[in-house]
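I opened this notebook to record, entry by entry, what I looked up in one model and what I found there. The sequence and the structure come before the entries.

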Amino acid sequence: MIGRFEKFSFAISEISRYWHKIAADEMDKYGLKGPYAVYFTTMYQYADGLTASQLCELCGRDKSDVSRAIAVMEKKGLVKKESVNQKLYRARLTLTPEGRIAAEHINERAKLAVEFGGKGLSDEHREIFYNALDKISSNLHTLSEDGIPS
């Protein structure tokens, strides 16, 4: 019999693996890596733009990942930086018109993938599932900060 730890670990690993493959397949159409999908879906929600620091926080990614992604997306003409007081490190990042079209497409594809992934779940089960994920995530965050008690 598979224990709770093994079942949980395997399920999370499988979900992550499949999600990364789906994202990579979708982002390949733009010549970008799969993890960039989360930047597009996040930036799409902020039409007025946001800073790299805000993008890091919202996406749960570190500054170096975001900086590399923004540089690539900017080079491809999908994102632009608008300096604030001549300081580019605090620049407001916005999607270009081409980037907005790509982000809208990626956002729609992500919605379809999430809907398909949750196929067969009732609204009640979906709510319980997301509440449980939030609680597990919060508990594991605390545990990672404080360590496993003796």
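**Entry 1: the chain as a whole**

How many helices and how many strands does the secondary structure of the protein chain come to? I noted before counting that this is a predicted model, and then found six helices and two strands. Reading from the N terminus on, I wrote the order of the elements down as α-α-α-α-β-β-α-α.

I then took the extent of the chain along its principal axes, and the C-alpha atoms fill a box of roughly 60 × 40 × 25 Å. The chain has 150 residues, and buried residues make up 25% of them. For the contacts I looked at pairs of residues at least 6 apart in sequence, and among these 53% join residues at least 24 apart.

**Entry 2: the largest nonpolar core**

Which residues have the most contacts inside the largest nonpolar core? The core has 23 residues, and the ones I was looking for are Tyr-39, Phe-40, Met-43, Leu-55 and Met-73. Two or more residues each are given to this core by H1, H2, helix H3 (52–59), helix H4 (63–75), strand E2 (87–95) and H5, and H2 gives the most, with five residues.

Not counting residues up to four places away in sequence, Met-73 touches Leu-32, Tyr-36, Tyr-39, Phe-40, Met-43, Leu-78 and Val-79.

**Entry 3: helix H2 and what faces it**

Is H2 mostly covered or mostly open? I found it mostly covered, since seven of its nine residues are buried. By name, the buried residues of H2 are Tyr-36, Ala-37, Tyr-39, Phe-40, Thr-41, Thr-42 and Met-43.

Leaving aside neighbours within four places in sequence, Asn-107 is in contact with Thr-41 and Tyr-44. Asn-107 has a relative accessible area of 14%, and therefore counts as buried. Glu-104, by contrast, counts as partly exposed because its relative accessibility is 42%. Glu-104 and Thr-41 are 63 residues apart in sequence, yet their C-alpha atoms are 7.8 Å apart in space.

**Entry 4: the largest pocket**

What volume does the largest pocket have, and which residues lie nearest its centre? I recorded a volume of about 1,100 Å³. The pocket is lined by 30 residues, and those nearest its centre are Ile-15, Trp-19, Ala-113, Val-114 and Tyr-130.

I next assigned the lining to elements, and at least two residues each come from helix H1 (4–28), helix H2 (36–44), helix H5 (97–117) and helix H6 (123–146). The largest share, ten residues, comes from H1. Sorted by class, the lining of the largest pocket has 19 nonpolar, six polar and five charged residues.

**Entry 5: the second largest pocket**

Which residues line the second largest pocket? I listed Lys-7, Phe-8, Ala-11, Ile-12, Ile-15, Phe-129, Ala-132, Leu-133 and Ile-136. The elements that supply two or more residues of this lining are H1 and H6, with H1 giving the most, five residues. The volume of this second pocket is about 220 Å³. Its lining divides into eight nonpolar residues, no polar residue and one charged residue. I also noted that Ile-15 is in the lining of this pocket and is among the residues nearest the centre of the largest pocket.

**Entry 6: the cysteines**

How many disulfides does the count come to? I counted zero disulfides. Cys-56 is in no disulfide, and the nearest cysteine sulfur, that of Cys-59, is 8.0 Å away.

How values were computed: Residues are numbered from 1 along each chain as its sequence is written. This is a predicted model: local features need pLDDT of at least 70, side-chain atom pairs count only at pLDDT 80 or more; totals for chains, interfaces and linings use all residues. Side-chain values use heavy atoms; hydrogens and water are left out. On a 1 Å grid over the protein atoms alone, a cavity is a set of points where a 1.4 Å probe fits but cannot get out, and a pocket is an open set with protein on both sides within 12 Å along at least five of seven lines; lining residues have an atom within 4 Å of a point. Grid points are joined across faces, edges and corners, and a volume is the space filled by probe spheres set on the points. Helices (H or I, at least four residues) and strands (E, at least two) are DSSP runs, numbered from the N terminus. Ala, Val, Leu, Ile, Met, Phe, Trp, Tyr, Cys and Pro count as nonpolar, Asp, Glu, Lys and Arg as charged, and the others, Gly among them, as polar. A disulfide is a pair of cysteine sulfur atoms within 2.5 Å. A nonpolar core is a set of buried Ala, Val, Leu, Ile, Met, Phe, Trp, Tyr and Cys residues joined through side-chain atoms within 4.5 Å. Buried means under 20% relative accessible area, exposed over 50%, partly exposed in between (1.4 Å probe, protein chains only). Contact means heavy atoms within 4.5 Å.
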